[in-house]
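Please look at the sequence and the model before reading on.

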Amino acid sequence: MIFTAYFFSATSVFITTFFSFSFYFTPHSYAVPFESQKIMITGPSQLAVESGVQTFKNGGNIVDAAVSTALVLAVTSPYFAALGGGGFALVHIDSQSEVLDFREHAPAKTHPQYYIQAASPKASRLGGKAIGVPGIPYGLWELHRKYGKLKWHKLFNSALKYSKKGFRVSGEWYKHTSKNIEKMSPASKKHLLISQAALPKPGQIQTQKALFKALKLFRKKGPKAFYEGRVAEDLVSSISAAGGEMSLEDLKNYRPKWRKPLYENFAGYKLMLMPPPSSGGLVIGAALNLTQRLQLKKTEARSLNEYHLLAEIMKQSFSKRHLLGDPAFHINPISEFTSDDSRKKFLKKISSTKAFIVPSSMPIPQESPETTHFSVMDSKGNALAMTLTLNGNYGSKVISKKYGIALNNQMDDFTTRPGQPNMFGLIQGKGNEVQAGKRPLSSMSPTLVLKNNKAVMSLGAPGGPRIINGVFQVLYRTLVQDLNMDEAIQQPRIHHQYLPNVLFYEKNKFTPETLNSLMKKGHKLKEIHGVAIVNGIRLNKKEFLEGAFDHRGEGYVSGY
Ligand code: DON
């Protein structure tokens, strides 16, 4: 029998917990994490990761490695990393820290009523109107312009080879593509089929001849080749044929933005977190701070009580997310997440015995693994974390006619219809209403951890709002419980996003006793397959790079 006692600092609540030993999760096994010394990359695709490692071997730095990884992902994994998407990158290089925001922005024709007035209720998810101005090409260029070491054209070797000569499609490629192809027009479909009507099956070779032409232009002329000229014309006419209104001007005006990271001191480390237009950094910072205020580390790891308190922490940390939006258009109430006062208010709503009841009910969102993340670290304390997305798999389901570029449906991340949940079940606020040139609020949370101004960890994930809680739980398991990267990533996870008032738990990972006890505390439970897909690297006590990818998705880790 285990008897634990806690003293909550702010509220002076004295809690006792008996019998926590009987509520363990279902046991499962871990792999030995991969270790290396000079460079490590962990991400979703073997070919992309190996291309990044090879680029480093050829004399590149972490940024060169990341750009070449992302370019291969655009070929091998277009469902979540095509050039028609957007993303965020956190970089710590030569002791300098920066964030690059290359998220899509809203075309000039859009406005707050755009989707309320649209004929189809699905206009923000499917077809031309769902597409935000893509950011990935300019983002990769800008990252390299500022921090790259090798010549730009040297980063394209693998992406050009795989698009021209082909690559063997993965099981995930087949799954995501076969699920979405029926929603595409014949012009979009033709880029994915290998013969008249057949999709390649896992292990079969797929080329991307149209995309190869776009990549060659991009290699030669940089972003002008994508945002102006023939490729831009192809994008505009394909979007228009699918009912959208993006113009050549919209593309020409797109620029990524350098931002200052958010910092949070935690457990002796300095965390470098993603600022708005992501909600991720603010929510993660508040959640980790609450673990300290609750002295969660004294609660047995993976016990019923730990999962209950984690759920309560998530709920409170998410409760103000709807107040956020793009900082160029909206004044974000940052202190609602960061001030001592706000955090004390969150703490007051957390009880160890019963679940806080969120006063509203809503439909339960669908699961969807449709974004991707990769991390890069070297032996010198440099690191990069990059999350890329089209939002949904194959985004809007529009693939440009001449150059084969799959286009996002990121517009659904805005408050498209006030009061109604988006595809991730998020109720969004006024600060995130649709406005021309604005970036939709995101949950993507690429994260770096620094010690003595050197990066000691890099991680991130896909999973919509579940990204935030996936990254939060892995940070807690590594930084507080000192699990290795693989153990930390493979632990059973839960997710609560305040609204709907549902505690999501992963299938086959919790015992019926745990689930019953959580219900008795007042949690409304819902089973899901996975809470985000976290890929991460840390510098371990042996001073080796130690990396792992998540069993919940496709992944690969390599280095030397
Ligand atoms: O930016 C965001 O928060 C979303 N567009 C990310 C989408 C995502 O992670 C989908 N994966 N399940």
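Is Gln316 buried or exposed? Gln316 is buried, because its relative accessible area is 1%. Here buried means under 20% relative accessible area, exposed over 50%, and partly exposed in between (1.4 Å probe, protein chains only).

The model is predicted, so local features need pLDDT of at least 70 and side-chain atom pairs count only at pLDDT 80 or more, while totals for chains, interfaces and linings use all residues. Residues are numbered from 1 along each chain as its sequence is written, and side-chain values use heavy atoms, with hydrogens and water left out.

**Surroundings of Gln316**

Gln316 belongs to helix α14, residues 304-318. Helices (H or I, at least four residues) and strands (E, at least two) are DSSP runs, numbered from the N terminus. Apart from neighbours within four places in sequence, Gln316 is in contact with Leu290, Phe346, Lys349, Ile350 and Phe356; contact means heavy atoms within 4.5 Å.

In helix α6, the buried residues are Ser158, Ala159, Leu160, Tyr162 and Ser163. They pack against α1 (46-57), α2 (62-76), β7 (167-168), β8 (205-206) and α9. After α6 comes Gly166, with a positive phi near 100 degrees.

A positive surface patch is made up of Lys161, Lys164, Lys165, Lys190, Lys209, Lys213, Lys216, Lys220, Lys221, Arg230, Lys401 and Lys402. Two or more of its residues come from each of α6 (157-165) and α9 (209-221). Helix α9 gives the largest share, 5 residues. Patches are made of residues with over 30% relative accessible area and no salt bridge, with like charges joined within 9 Å and nonpolar side chains (Val, Leu, Ile, Met, Phe, Trp, Tyr) within 5 Å. Lys216 is placed in helix α9 and counts as partly exposed because its relative accessibility is 40%.

**Salt bridges**

The structure holds 24 salt bridges. A salt bridge is a side-chain nitrogen of Lys or Arg within 4 Å of a carboxyl oxygen of Asp or Glu. Side chains of opposite charge can pair when their charged atoms come close.

| Pair | N to O distance |
|---|---|
| Lys175 and Glu172 | 3.4 Å |
| Glu228 and Lys224 | 3.7 Å |
| Lys320 and Glu336 | 4.0 Å |

Lys320 is partly exposed at 25% relative accessible area, and Glu336 is partly exposed at 28% relative accessibility.

Lys175 and Glu172 both lie in helix α7 (residues 171-180), 3 residues apart, about one turn of the helix. An α-helix has 3.6 residues a turn, so residues three or four places apart point the same way. Lys175 counts as partly exposed at 36% relative accessibility, and Glu172 is partly exposed at 23% relative accessible area.

In the remaining pair of the table, Glu228 is partly exposed with a relative accessible area of 29%, whereas Lys224 is exposed with 54%. Elsewhere, a network of salt bridges links Arg493, Glu506, Lys509, Asp550 and Arg552.

**A loop residue**

Ile427 sits in the loop between β15 (406-407) and β16 (447-451). Ile427 counts as partly exposed because its relative accessibility is 25%. The C-alpha atoms of Ile427 and Ile468 are separated by 16 Å, and the two residues are 41 residues apart along the chain.

Methods:
Areas by Shrake-Rupley, 256 points an atom, 1.4 Å probe, with all protein chains shown as cover. Lys, Arg positive; Asp, Glu negative; His and termini not counted. Charge placed at Lys NZ, Arg CZ, Asp CG, Glu CD.
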